[in-house]
Amino acid sequence: DISNPDILRFDWSFTWLNHVRQFIVRNVNFNSVPCDSWPEMKSIELLDISNNQLRDSYIYNPLCDTKNALHKLDTFNVSRNRLTSLSDLASLTKDFVKLTTIDMSHNQLGNMGNRVCNWRQSITKVIAHHNSLSSDSFKCLPTSVSFLDLSYSSLDQLDMNYFNEASNLTELLLSGNKIKFIPSGWRNPYLRTLALDGNSFGLVSMTSFKDMPSLRVLTAGNNPYHCICDLYTFIQETTSKGKVTITDWPNNYKCYHPERLLNTMVSQYFPGHLTCNITLVVIISVSTTAVVVLGLMLLCYIFHVPWYIKATYQIIRAKYRAHKEGSGQAVDYTFHAFISYSHADADWVRNLLLPCLENSKPPYRLCIHERDFIPGKWIIDNIIENIENSRK
């Protein structure tokens, strides 16, 4: 464990490294790895060079022979340095055949263009929090991992292609980023632990984690939640069934939207059973509509509304016929006029009106119900049919 800044006093032949299994050079402003040192580190299982001044070119020199070095290395810690290139780090470790854990937190790592990153498939744990990553950076992360910590790395969105490839992932930490939404179709069959607290998304529902059947622990507080039915249903289903444990519930869950609920605890948000139960709303709506329709049909039957509609239709047709006559189109009618009269006036119609008009020169053909209606036919149909067959 070298914590003495006077590291230059050590033998620069590095032969003293041959049998060292755990080598720690921490907090000594260490900023260079001589090529001669790599071949001597044959027995090292843990290499910790954290909290120094290492840059990409200081630690990775393509001219150095690292193929026969660190074949027993299991854990590699380069945290708290000044590294920026994920691809250089991948190239450095590609020959570390037993490497399982790498800690590269507290650097300035990000994606360097379209450079290829070939990581060892033996790597199962990656600690990369407090970096400067973007969604493109996922193209340069190892996909063999079961544990991945990308907390506080300025991520604003996720790359679903990466998570489709990282199928062995069981624990994912994304706390303290700027993720604005939970992507649809996020599939991780073995993921058990997920941390999403301190991000920027406000919408969450039952479908958000439906493709994570193994999820058991969720941390998602300190987000600007929209207190709507989807969130209420998700919280109720999650807390009641107990399949997923929300570790920071309820203290870290507050409403951000709508404005009237600002800073209200999500646990105190109760929108009402009717508001959020879509099935019940549909049933009530359909039932109410059916009752109203049946009621209207009954009223129409009682008050002969169909007859009035038919009569209105015939009046409109009569006006249309009159319009055609005015335009010179000849129409042949059975009667010149249909006489509508009260029973009290029946004698006057039969004894005075009909003889006067039907015996004139030329005579008028008139329709009255007592004489011209077809026996046995519904009276309303008789009226409509004869009105249609009359010019006036």
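## Overall form

Of the contacts in the chain with a separation of 6 or more, 56% are between residues 24 or more positions apart, a contact being a case of heavy atoms within 4.5 Å. The model is a predicted one, in which local features need pLDDT of at least 70 and side-chain atom pairs count only at pLDDT 80 or more, while totals for chains, interfaces and linings use all residues. Residues are numbered from 1 along each chain as its sequence is written, and side-chain values use heavy atoms, with hydrogens and water left out.

The C-alpha trace of the chain spans about 145 × 50 × 35 Å along its principal axes. The radius of gyration of the chain is 44 Å, whereas a compact globule of 392 residues would have one near 21 Å; this radius is taken over C-alpha atoms, and the globule rule is 2.2 Å times the number of residues to the power 0.38. The secondary structure comes to ten helices and 14 strands, where helices (H or I, at least four residues) and strands (E, at least two) are DSSP runs numbered from the N terminus.

## Surface and burial

The chain exposes about 22,400 Å², of which carbon and sulfur atoms supply 55%; accessible areas come from the Shrake-Rupley method with a 1.4 Å probe, and for residues only the protein chains shown count as cover. Of the 392 residues of the chain, 39% count as buried. Buried means under 20% relative accessible area, exposed means over 50%, and partly exposed lies in between (1.4 Å probe, protein chains only).

## The three disulfides

The count comes to three disulfides, a disulfide being taken here as a pair of cysteine sulfur atoms within 2.5 Å. Cys-35 lies in the loop between strand 1 (22–24) and strand 2 (46–48), and Cys-64 in the loop between helix 1 (56–59) and strand 3 (75–77), so the pair ties together parts that are 29 residues apart in sequence. Cys-35 counts as partly exposed, at 29% relative accessibility, whereas Cys-64 is buried, with a relative accessible area of 9%.

Another disulfide joins Cys-117 to Cys-140, with 1.4 Å from S to S, and with -60° about the S-S bond the link is left-handed. Because Cys-117 lies in the loop between strand 4 (101–103) and strand 5 (125–127), and Cys-140 in the loop between strand 5 and strand 6 (147–149), the pair ties together parts that are 23 residues apart in sequence. Cys-117 is buried at a relative accessible area of 15%, and Cys-140 is buried at 2%. The remaining disulfide joins Cys-227 to Cys-255 at 1.8 Å from S to S, and its link, with -85° about the S-S bond, is left-handed. This pair links distant parts of the chain, 28 residues apart, with Cys-227 in the loop between strand 10 (225–226) and helix 4 (229–241) and Cys-255 in strand 12 (residues 255–257). Cys-227 is buried, with a relative accessible area of 3%, and Cys-255 is buried, with 2%.

## Cysteines without a partner

Cys-356 is in no disulfide, and the nearest cysteine sulfur, that of Cys-367, is 18 Å away. For Cys-367, the closest cysteine sulfur is in Cys-356, and the 18 Å between them is too far for a bond. Cys-356 counts as exposed at 55% relative accessibility, while Cys-367 is buried, with a relative accessible area of 0%.

## The annotated transmembrane region

An unreviewed UniProt entry places the feature "transmembrane region" at residues 278–303; UniProt positions are given in the numbering used here, feature names are shortened, and annotations may be inferred rather than shown by experiment. This span is 96% helix and 0% strand, and its end C-alpha atoms lie 37 Å apart.

Helix 6 (residues 278–302) has 25 residues and reaches 36 Å from its first C-alpha to its last, close to the 36 Å expected at 1.5 Å a residue, the expected span being 1.5 Å times one less than the number of residues. Just after helix 6, His-304 takes a positive phi of about 55°.

## Helix 7 and the TIR annotation

Ile-309 is found in helix 7 (residues 305–326) and is exposed, with a relative accessible area of 55%. The C-alpha atoms of Ile-309 and Lys-243 are separated by 61 Å, although these residues are 66 residues apart along the chain.

The UniProt record, an unreviewed entry, lists residues 333–392 for "domain: TIR". Over residues 333–392 the chain is 45% helix and 7% strand, with the end C-alpha atoms 10 Å apart.
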